[in-house]
Amino acid sequence: MKLLLLEDDIRLSDVLQRGLRRNGHAVDHAASIEDARWFAREGAYDAMVLDVMLPDGDAFGLCTELRHADDWTPVLLLTARDAVEDRVRGLDVGADDYLVKPFAFAELEARLRALKRRGAVPRPAQLSIGDLHLDPARHLAFVGTRHLDLTPREFAVLEHFVSHPDEVLSRSRILNGVWDWAFDGDPRIIDVYVGNLRRALGGGAKTPKFVTLRGAGYSLRSPADHG
């Protein structure tokens, strides 16, 4: 694997570089956010191992920058901060994994192998189609600047559609994706939720629209596909 290692602690970075290279990895080392930003922009990596707190910033901001630039290289955060809110923040800004110092080198290796299996596929922290924007971490939805006042279940249904844009989703597929396995109600409840969401979204030219395909299900169509 080709790795970018961001770590400003000289002793720890030396230990990590020796161990990773001994196991056959290629490692580019950065000791600052600015250096890591340059490496990320100029190189291609199988994964990035980023220390969270650096003198010139933090990896939360760097990870946010990467994702906004459509860089989906898997990111593993290293930190001595083990508070739940820190771990949650790291994952919500787009990191893929979190390892608290001190840690066993074998665990770092195992986590890197798992990250490589995922690959650099898009895993956005926020979701958008046209002028519809969802922030799953905060359960917020907007059409343009207009906030959508949705129930938790309405938000979950909308998130499921936004995660599968332009696909035709049957009632059963929506139920399987949003409701638990014990649901034994009427599948036509989906029609009610889609109707509510259709009204909530409105009919703006840049807003995705729900399309009904009789006998097949529903599709949330991107603005370019309207009509």
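S32 touches L6 and D56, not counting residues up to four places away in sequence, where contact means heavy atoms within 4.5 Å. S32 sits in the loop between strand 2 and helix 2 (33-42). With a relative accessible area of 16%, S32 is buried; buried means under 20% relative accessible area, exposed over 50%, and partly exposed in between, with a 1.4 Å probe and protein chains only. This is a predicted model, in which local features need pLDDT of at least 70 and side-chain atom pairs count only at pLDDT 80 or more, while totals for chains, interfaces and linings use all residues. Residues are numbered from 1 along each chain as its sequence is written, and side-chain values use heavy atoms, with hydrogens and water left out.

**Whole chain**

- The secondary structure of the protein chain comes to 8 helices and 13 strands; helices (H or I, at least four residues) and strands (E, at least two) are DSSP runs, numbered from the N terminus.
- The C-alpha trace of the protein chain spans about 60 × 40 × 30 Å along its principal axes.
- Of the 227 residues in the protein chain, 40% are buried.
- Among contacts between residues at least 6 apart in sequence, 54% join residues at least 24 apart.

**H29 in strand 2**

- H29 lies in strand 2 (residues 26-30) and counts as partly exposed, at 27% relative accessibility.
- Neighbours within four places in sequence aside, H29 is in contact with L5, E7, S13, Q17 and F39.
- One of these contacts, L5, is 24 residues from H29 in sequence, and the C-alpha to C-alpha distance of the pair is 4.9 Å.

- Strand 6 (residues 75-79) is mostly covered, with 5 of its 5 residues buried.
- V75, L77 and T79 point one way from strand 6, L76 and L78 point the other way, and all are buried.
- In a regular strand the side chains alternate between the two faces of the sheet.
- Strand 3 (residues 47-51) runs parallel to strand 6 and is joined to it by 4 bridges; two strands pair if DSSP finds at least two bridges between them.
- Within this pairing, D51 stands opposite L78 in strand 6.
- Strand 6 also pairs with strand 7 in the parallel sense, over 4 bridges, and the bridge partner of T79 in strand 7 is V100.
- L99 belongs to strand 7 (residues 97-100) and is buried, with a relative accessible area of 4%.
- Neighbours within four places in sequence aside, L99 is in contact with L76, L77, L78, T79, E107, L108 and R111.
- L99 and D51 are 48 residues apart in sequence, with 9.6 Å between their C-alpha atoms.

- An open sheet of 4 strands has the order 8-9-10-11, and its pairing is antiparallel.
- Strand 8 (127-129) and strand 11 (146-147) are the edge strands; each has a single partner strand, so one side of each is left without a neighbour in the sheet.
- Strand 9 (residues 132-135) and strand 10 (residues 140-143) run antiparallel and are joined by 4 bridges.
- L132 stands opposite V143 in strand 10.
- Helix 6 lies across strand 8, strand 9 and strand 10, and runs at about 115° to strand 9.

**Helices 6 and 7**

- Two packed helices are described by the angle between their axes and the distance between the axes.
- Helix 6 (residues 152-162) and helix 7 (residues 171-178) pack at an angle of about 115°, with axes 10 Å apart; axes are lines fitted to C-alpha atoms, for helices over the stretch in contact, and angles run from 0 to 180 degrees between N-to-C directions.
- The crossing of helix 6 past helix 7 is right-handed, that is, the near helix is turned clockwise from the far one by less than a right angle.
- On the helix 6 side, R153, A156, V157, H160 and F161 meet R173, I174, G177 and V178 of helix 7.
- The residues of this contact divide into 5 nonpolar, 2 polar and 2 charged; Ala, Val, Leu, Ile, Met, Phe, Trp, Tyr, Cys and Pro count as nonpolar, Asp, Glu, Lys and Arg as charged, and the others, Gly among them, as polar.
- I174, L175 and V178 are the buried residues of helix 7.
- These residues lie on the same side of helix 7, because they cover an arc of only 100° around the axis, taken from the directions from the helix axis to the C-beta atoms.
- The buried residues of helix 7 pack against helix 6 and helix 8 (189-201).
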